[in-house]
Amino acid sequence: MLGCCFPLAILAADSYMDALNAEADSVVVDPKTEKQKSIPLDQVPAHSGWSTEDQSMSLDLPPNLEKNDFEESLKLNFYGSYMFYNRLDDPAQEEVYQLYRKNPSIEPVRERIMQLKKNN
């Protein structure tokens, strides 16, 4: 039974990555302002979702955020998802926000954003 579900998870992840790559391909970088600088792990901002202690990524959004705070958290911690969310129309964004209010886990929010993006 697990053998049949695992390929579906891979396909969903591949679809999400394909969409992210397509979005990244449309980004234009200004060579005058581009910086080739990496940030040492001990200097990663606290709001980035990374912990310097366990070096793991938080997989959930904070619960009970107002819509503006939800959008900011999405932008800071799940930027790819935020980029897709930001291109949705207002009713679709509200639908995503209401889903988040019921379940602050990023996975269902991310999946709904992608479903709505495909329908637009």
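Author: The structure holds five aromatic pairs. One of them joins Y97 and Y100. This is a predicted model: local features need pLDDT of at least 70, side-chain atom pairs count only at pLDDT 80 or more, and totals for chains, interfaces and linings use all residues. Residues are numbered from 1 along each chain as its sequence is written, and side-chain values use heavy atoms, with hydrogens and water left out.

Reader: What makes Y97 and Y100 an aromatic pair?

Author: Rings of Phe, Tyr and Trp (its six-membered ring) pair if their centres lie within 6.5 Å. The centres of Y97 and Y100 are 5.8 Å apart, so they pair.

Reader: Why is the pair of Y97 and Y100 called tilted?

Author: Planes under 30 degrees apart count as stacked, over 60 as edge-to-face and the rest as tilted. The planes of Y97 and Y100 stand at 35°, therefore the pair is tilted.

Reader: Where do Y97 and Y100 lie?

Author: Both are in helix α4 (residues 90-102), three residues apart, about one turn of the helix. Helices are DSSP runs (H or I, at least four residues), numbered from the N terminus.

Reader: Why is Y97 called buried?

Author: Buried means under 20% relative accessible area (1.4 Å probe, protein chains only). Y97 has 7%, so Y97 is buried.

Reader: And is Y100 buried or exposed?

Author: Y100 has 1% relative accessibility, so Y100 counts as buried.

Reader: Which residues form the aromatic cluster?

Author: F70, Y85, Y97 and Y100 form one cluster.

Methods. Helix = DSSP H or I, 4+ residues; strand = E, 2+ residues; numbered from the N terminus. Buried < 20%, exposed > 50% of the residue type's maximum accessible area, 1.4 Å probe, protein only.
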